[in-house]
Amino acid sequence: MESMLKVTNLSYSYPAEKEQVLKNISFDVKKNETFSIIGPSGCGKTTLALTLNGLIPNSIKGKLTGEIVVVGKKIKDIPTAELAQEVQILFQSPESQLFALNVEDEISFGLENLNIPWDEIKKRIDNILKKLDIENLRNSSIEELSSGQKQKVAMASVLVMNPKILILDEPTANIDPCSVRNFINLLENMKKDLTIIIVEHNLDFVKELSDRVMLVNNGRLVKIARPEVMFKDKTFLKIMSPPSDKKGMLRRIAAKAHIRECGEKEERILNIKNLNFKYPNNVPALRDVNLAVNKGDFIGIVGLNGSGKSTLALNIIGLLNCVA
Ligand SMILES: Nc1ncnc2c1ncn2[C@@H]1O[C@H](COP(=O)(O)OP(=O)(O)OP(=O)(O)O)[C@@H](O)[C@H]1O
Ligand SMILES: [Mg+2]
């Protein structure tokens with residue numbers, strides 16, 4: 001099968017840092033393969049992803065050795081505009097990706113830079129907004145979006161470029177469970193025309209989509225295997241299992257949440273009555289919210305992207321002025 005990406009003996013250290021964060025990594029990704037990179041926090045996954053689209057060393061310097069070949073060409077010989085049509089990356093935090101004032105401008109920006117006619121741009125934007133089910137956000141300003149909505153807009157701005165290789169760095173970090181399911185379906189549909197590289201902590205997501213999985217630890221490649229083999233592997237289990245004291249800590253937190261004794265008088269520490277909140281654009285973000293919280297309560301606020309979870313939390317700590 002045709003190789004889309006070939007990495008040979010790649011090592012890297014950030015500017016002014018002595019220690020290498022990538023150590024002699026070699027792997028090969030085939031055409032139409034979905035290839036996931038997993039490993040503990042700080043092991044070098046994002047750094048590796050940044051080398052694959054040229055941001056390291058083009059924007060972030062440091063010491064890079066080894067070779068990356070993208071669709072048959074050495075990455076350092078590919079002009080930036082051409083590389084943008086080969087490889088696109090969706091960053092771990094959408095904020096670092098978005099810079100336009102509104103959604104349509106954000107999504108059209110990359111295509112306008114390639115001098116694509118506006119009719120074609122418009123068609124591609126219509127298509128991608130529909131695919132991601134965010135047609136309603138087309139004229140929204142970016143600063144009005146929730147984190148999950150920002151993630152989807154960032155995804156649209158990357159997909160609209162029709163790249164051959166799509167790199168996703170923790171794509172599910174901000175999106176609600178319902179949208180994760182839609183996202184998996186969307187990627188499943190795109191797999192036949194795309195080579196996808198996923199960096200993810202959500203192993204269910206990795207398992208469902210990946211043809212092969214690469215485990216990285218401390219900047220070194222540990223193993224590449226099919227998901228069903230990787231997730232039973234002893235070294236994988238050792239590296240990816242939480243340390244026992246962390247498990248103990250989680251149990252202690254959970255136990256504390258239930259320490260209120262039967263018959264003990266409940267102490268109300270928060271009372272929210274008919275809370276309504278509108279952002280300056282007049283969009284209602286909270287409607288008639290009622291919530292009573294007692295001392296010792298352990299409460300999860302859940303809901304779809306854009307449903308108002310963060311707005312509620314910001315109201316509770318007084319960072320937004322509520323309009324009751
Ligand atoms: N801009 C930077 N300058 C210096 N060191 C950095 C920089 N960015 C990351 N590092 C360091 O490089 C190492 C690898 O970080 P990286 O962000 O690639 O890890 P990661 O596997 O993506 O982690 P996570 O799962 O938390 O996203 C870490 O030790 C980190 O502290
Ligand atoms: Mg990362």
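**Notes on the predicted model, starting at the ligand**

1. Let's begin with ligand 1. If you want to find them in the viewer, look for Y14, E17, V21, G39, S41, G42, C43, G44, K45, T46, T47 and Q92. Keep in mind throughout that this is a predicted model.

2. Now zoom out to the whole chain. You'll find 12 helices and 12 strands, and the C-alpha trace spans about 70 × 55 × 40 Å along its principal axes. Of the 324 residues, 31% count as buried. Among contacts with a separation of 6 or more, 65% come from residues 24 or more positions apart.

3. The chain is split into domain 1 (3-241) and domain 2 (268-316). Their C-alpha centres sit 33 Å apart. Where they touch, domain 1 puts in 8 residues and domain 2 puts in 7. On the domain 1 side, α6 (147-159) and α7 (177-190) each supply at least two residues. That side has 2 nonpolar, 4 polar and 2 charged residues.

4. Next, have a look at an open sheet of 4 strands, which run in the order β2-β1-β4-β5 with antiparallel pairing. β2 (22-30) and β5 (73-74) are at the edges with a single partner strand each, so one side of each has no neighbour in the sheet. As a reminder, strands of a sheet pair through backbone hydrogen bonds, either parallel or antiparallel. Strand β4 (residues 63-70) pairs with β5 over 2 bridges, and V69 stands opposite K74 in β5.

5. Most residues other than glycine have a negative phi, and most peptide bonds are trans. V71 is partly exposed, with 18 other C-beta atoms within 10 Å.

6. N9 is another one to check: its phi is near 45 degrees, a positive value in a residue other than glycine. You'll find N9 in strand β1 (residues 3-13). Is N9 buried or exposed? N9 has 11 C-beta neighbours inside 10 Å, so it counts as exposed.

7. While you're checking backbone angles, stop at the peptide bond from I56 to P57. That bond is cis, with omega near 10 degrees. P57 itself belongs to helix α2 (residues 55-58).

8. Further along there's a hairpin. Strand β9 (residues 212-217) pairs with strand β10 (residues 220-225) in the antiparallel sense over 5 bridges. The hairpin has 2 residues between the strands, and N218 takes a positive phi near 50 degrees.

9. Finally, helix α12 (residues 309-316). Its buried residues are T311, L312 and N315. After α12 comes G318, with a positive phi near 85 degrees.

Note on methods. Residues numbered from 1 in each chain as written. Chains lettered and ligands numbered in written order. Predicted model: local features only at pLDDT ≥ 70, side-chain atom pairs only at ≥ 80, totals over all residues. Near = placed C-beta within 6 Å. Pairing = 2+ DSSP bridges. Buried ≥ 20, exposed ≤ 12 C-beta atoms within 10 Å, placed from the backbone. Domains from an automatic or database assignment. Contact = placed C-beta atoms within 7 Å. Nonpolar A, V, L, I, M, F, W, Y, C, P; charged D, E, K, R; others polar.
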